[in-house]
Amino acid sequence: MIVSTLPRRLAVVIVVAVIVAFLSIKLNAFRDYQIAEVAYEVTAVAGLTVLTGLSGQISLGHGAFMAIGGYATALILLHLNWPFIVALLIAAAVTAAAGAVVGVAAARLRGPYLAGATLMLGVALPAVAYAYPATFGGDQGLNVVFTTPAFLGANFPLTRWQAWVGAAVALVTLLLLANLCYSRVGRNWRAVRDDDVAAALDGINVALARIRAFVVSATCAGIAGSLLAVITALVAPGAYTLTLSIALLTAAVIGGLGSLPGALWGSLLIILVPTYASDVATSHGLSSSVGSNIPVAAYGVILILVMLAFPQGIQGGLRRLVALFAGPMNRENEPVATPEHSEKEGSS
Amino acid sequence: MNRRHRFRLSAVVAVSTAAAFTLAACSSSSSPSATGTTGATGTASAGSSTAPLTASAPGITATTITIGSHQPLTGPAAPGYSEIAPASTAYFDWVNANGGVYGRKIVYKYLNDAYDPTTTASVVRQLVLQDNVYAIFNGLGTPTHLAVVSFLNSEKVPDVFVASGCECWDEPTTYPETFGWQLDYVREGKILGQYVAQHFKGKKIGYFYQDDEFGMDGVKGLDDEIPASMVVSKQSYVDTNTNVAPQVAALRAAGAQVVVSFSIPAFTALLKLTSLKLGFSPQLVVSDVGADPITLGGLLEAFAKQAGAKVNGNQLTQGIITDGYLPALSTSDSWYVLFKKIHDQYDAKEPLDGNFFYGMAVAYTFVQAMLKAGRNPTRADLISAINSGLPQGPMVAPFAYSAGDHDGVTGAYIGVINNGVVVQQGSVLVTDTSATGAITTYTGSEQQAPASGIPSP
């Protein structure tokens, strides 16, 4: 099996970082904002795609974890005035703890039952903000103050700084995730996903593997929530609806479940297609009843086309294309579950 | 087993993505155009100044004023509310065809946020950072607009006449660029509450309200006027759960004879239909936001049809007590005559209902503000124009606007729905937002619509 090495992944990260820096300077302020949006989206989707694609668990409640990360960041920045990076790390830790709690329950549930439980989380948790308006600001939420650092000068656009911070956080998260997925932890997830009985017979602690996947995935969502908070300068319960949770899952599926590059393709689609489609719709002078529905329709059509053409998502489709040209030798690149598990999961 | 699990997982994924579509599913209105640039080139305005028109601010050129907005054109809030921006566009088209604002045409670009705050954050940045709009006008919704209010203020973009009655827009020190417009829910609650306390003495009162800033502001106003001893039950709903049977059953069990409802149209309809099903028929008192008879009647008929029953919307809305701050839908009113003329010319496919009036009236107020801001206004000129007060125009009561108060209209009349039309009862009442502030009869006269349909500068 050909495994990407750390230097290779580092090189990819640096190339992407350079591209982002270049684009952020070349494009206008709104496009910078969109880069930042893609960054938070890809962070959350990457976590979800690992959970669903590698560990075989589903979550319809990742919006709730984003809410936890967002509120943690907002509260720290508001009351303690610590630097953003510290707030981000604490938010990630808090979300990881929440993910562990949910993960313990999730490890005992499967398929539709797990979907139902996480759905409940996604719907119920943001409502906590209404219950404690003194702390969480109720419907109005909390304002998040995030400014450009002084060394960049007074005229440095805020959206460009947001794009840089977002992209940096997303890339580091993706790099860490990629290493994790190809390590023993990731192999155990795939083994559990494919056949939990066989995995257990091989000495893998199935429950622990599932909980780990949930913690990792929730942490990513928490980091994404933290980014979302500083990008939109606000945390409010209205932002973390069920629609958000399902959009994350949609991006993961469209991109290709279990694939980190796929998470990027899915996020790009989710963020860019609606804006592009509505630009096209308004510039062609369509009536608003038609124009306003075009982004929704375009989104639906793309989802259907991708699923028809590439049942394994965009990344799966790309892999098939590469395989067509490069010949069958390269097919081993696909992250498939290896039947043999020479390494044993540590006891717990 | 392995295969079965995989199948289940993919089934769940498929079902949930399908659910995403249902949530995003569209129900939007039909309207002629998204931007208002039709009409003949305006002749020079009759203004005394003849200074040349310049590009005095972002979004303003020698010939155009570009403004933007976020509106729910699809999604759960679209029914009814999606008619508002096309109505405003119709008014701007009328103004553009009749000389414009000092000769400039208003270009109104409104983007769909589907009532989703994350999308609002994105589309408003697109309007401000990429499309360079002069101002954000009539952004619709409390949770949605809250997502952009601090951004707009930090960018110093005028954020005028927000389409929500939340008290959160009246914070001139924190949000100097933001102005409310419609009657805020606290004032509305006080006016409805006083009517209930006076006309239903000794009766048992129940509350039904949306569990957010809208409902809670309304309840605050109601509690200022209705003695706590009269209130037997307070029930709230969340707008994502359409089963209101538990709340209605609780109101019925408490013996409520009058139910005061701070609800959006869909939930007023659900309250009414669920009450019918449970054989419970209290007197309904409903906030203006959820009581437009045409929208409500249509929803009642549609919901009943889904459940396999046939009802008459007008029969079911008969006798509902509400309030109004916009001119009455009566053919003798000068504003009705004007708005109907513009409706028939520019937006005839839409129903001539409360939402249409809303869009017309708020656009009229904007033109008033722009005329006051001067021939070559900066963004700050618009803010100071509004801070120095605006004439009430089509509204039944004056605006609160001053440097220290960014609330909109300050009063309303009580109305009763009769045969699908809100009939005014008594005179217009005005009040403030404080718990002790008196509710007084408005003594000033209502303004007549100008013959040209355009406010004078």
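Predicted model: local features only at pLDDT ≥ 70, side-chain atom pairs only at ≥ 80, totals over all residues.
Reader: What makes α2(A) and α4(B) roughly antiparallel?

Author: Helix α2 (residues 29-54) of chain A and helix α4 (residues 117-130) of chain B pack at an angle of about 155 degrees. Angles over 145 degrees count as roughly antiparallel, and therefore that is the term for α2(A) and α4(B). Their axes are 8 Å apart.

Reader: Which residues make the contact between these two helices?

Author: On α2(A) they are A29(A), F30(A), Y33(A) and E37(A), while α4(B) brings S122(B), R125(B), Q126(B), L129(B) and Q130(B). Sorted by class, the contact of α2(A) with α4(B) has four nonpolar, three polar and two charged residues.

Reader: Why is α12(A) described as largely enclosed by the rest of the structure?

Author: A residue is buried if 20 or more other C-beta atoms lie within 10 Å of its own. In α12(A), 14 of the 14 residues are buried, so the helix is largely enclosed.

Reader: How do you know what span to expect for this helix, and what span does it have?

Author: Helix α12 (residues 242-255) of chain A has 14 residues, and the expected span at 1.5 Å a residue is 20 Å. From its first C-alpha to its last, the helix reaches 20 Å, close to that expectation. Just after α12(A) comes G256(A), with a positive phi of about 125 degrees.

Reader: What makes the phi of A114(B) worth a look?

Author: Most residues other than glycine have a negative phi. A114(B) is not a glycine, yet its phi is positive, at about 55 degrees. You will find A114(B) in the loop between β2 (105-112) and α4 of chain B.

Reader: Is A114(B) buried or exposed, and how do you know?

Author: The cut-off for buried is 20 or more C-beta neighbours within 10 Å. A114(B) has 27 inside 10 Å, so it counts as buried.

Reader: And why is N419(B) called exposed?

Author: Exposed residues have 12 or fewer such neighbours. N419(B) has 10 C-beta neighbours inside 10 Å, and therefore counts as exposed. N419(B) lies in the loop between β11 (411-418) and β12 (421-430) of chain B. Its phi is also positive, near 55 degrees, in a residue other than glycine.

Reader: How many residues of chain B's two domains are in contact?

Author: The domain assignment gives domain 1 (64-183 + 328-409) and domain 2 (186-324) of chain B. In contact are 13 residues of domain 1 and 15 residues of domain 2. On the domain 1 side, the elements giving two or more residues are α2 (78-81) and α14 (354-373) of chain B.

Note on methods: Residues numbered from 1 in each chain as written. Chains lettered and ligands numbered in written order. Axes fitted to C-alpha atoms, helices over the stretch in contact; angles between N-to-C directions. Helix = DSSP H or I, 4+ residues; strand = E, 2+ residues; numbered from the N terminus. Parallel < 35°, antiparallel > 145°, perpendicular 65-115°, else oblique. Contact = placed C-beta atoms within 7 Å. Nonpolar A, V, L, I, M, F, W, Y, C, P; charged D, E, K, R; others polar. Expected span 1.5 Å × (residues − 1). Domains from an automatic or database assignment.
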